[in-house]
Amino acid sequence: MINPLHRGIGMTSERTRKRLIKRLREKGIQDLNVLNAMRATPRHIFVDEALASRAYEDTALPIGHGQTISQPYIVARMTELLVEAGPLDTVLEIGTGSGYQTAVLSRLVKRIYSVERIESLQRLARKRFQELGFRNIRLHHSDGGLGLPEYGPFDGILVTAAPEGIPRALVDQLKQGGRMVLPIGQENAQVLVRVTRTAAGYEKELLERVVFVPLLGGIL
Ligand code: SAH
């Protein structure tokens, strides 16, 4: 078997990856831990081989089932928003997809639970984590809108598909002081939000316009 790390070498060279990191800096990503995690994560492993040559462009790419691997800038930005207040122990991610965001975040936290509703995407992601030797990722096939109450509460929650509003079930699974980063709103009118759980309820910061696939109910 071809070592997956060597697949498509050349197009995925050190230089190509460095260029992406430079671009992320230019776009305002400052956290060095986040930039290092992005540099260390081989995005070409998380897309179909036919798209490997485009893996280090700063764009979303299709991963099948009408879903997309998020744009690197967005992955870096959401990760930065989640971890900038300090290291996190246990994090929940909704929407594993290709597993790319999961892999980046897993380098910066102790343990990450990631939920995906489409089983075949989850299976592919699991294979990639095994190939790459990630050990602190736990995958679940379920409807992420409900969270994973049996494993919570969490220090952080990151949602990579957009619900129309802030899901109460997820806020309830945050520790006090814990944060959730998520896109909310309908297609073409989504905004990135950071929610911080407080004693009285939660606070929210509206950050920037984004484009995500919708958070859907039920499992496939
Ligand atoms: N972070 C992923 C993004 C994938 S797109 C990546 O970079 O590859 C968003 C993912 O959320 C899709 O895989 C979609 O199937 C999943 N999703 C949508 N609604 C969901 C839900 N209710 N529960 C779990 N996953 C969901």
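The axes of helix α1 (residues 14-26) and helix α2 (residues 32-40) come within 10 Å and cross at roughly 150°; axes are lines fitted to C-alpha atoms over the stretch in contact, with angles from 0 to 180 degrees between N-to-C directions. Because angles over 145 degrees count as roughly antiparallel, α1 is roughly antiparallel to α2. The crossing of α1 and α2 is right-handed, meaning that the near helix is turned clockwise from the far one by less than a right angle. Arg17, Ile21, Leu24 and Arg25 of α1 make the contact with Leu32, Leu35, Met38 and Arg39 of α2, where contact means heavy atoms within 4.5 Å. By class, these residues are 5 nonpolar, no polar and 3 charged; Ala, Val, Leu, Ile, Met, Phe, Trp, Tyr, Cys and Pro count as nonpolar, Asp, Glu, Lys and Arg as charged, and the others, Gly among them, as polar.

The model is predicted, local features need pLDDT of at least 70, side-chain atom pairs count only at pLDDT 80 or more, and totals for chains, interfaces and linings use all residues. Residues are numbered from 1 along each chain as its sequence is written, and side-chain values use heavy atoms, without hydrogens and water. Helices (H or I, at least four residues) and strands (E, at least two) are DSSP runs, numbered from the N terminus.

The largest pocket holds about 510 Å³ of space. A pocket here is an open set of points on a 1 Å grid where a 1.4 Å probe fits, with protein on both sides within 12 Å along at least five of seven lines; lining residues have an atom within 4 Å of a point. Of its 38 lining residues, Gln67, Thr68, Thr160, Ala161 and Val213 are the closest to the centre. At least two lining residues come from each of β2 (67-69), α3 (72-83), β3 (88-94), α4 (100-106), β4 (109-116) and β9 (202-210).

Backbone geometry is the last topic. Glycine 152 and proline 153 are joined by a cis peptide bond, with omega about -5°; proline 153 is in the loop between β5 (137-141) and β6 (154-159). Histidine 65, in the loop between β1 (61-64) and β2, has a positive phi of about 55°.

Conventions:
Grid points are joined across faces, edges and corners, and a volume is the space filled by probe spheres set on the points. Angles under 35 degrees count as roughly parallel, over 145 as roughly antiparallel, 65 to 115 as roughly perpendicular and the rest as oblique.
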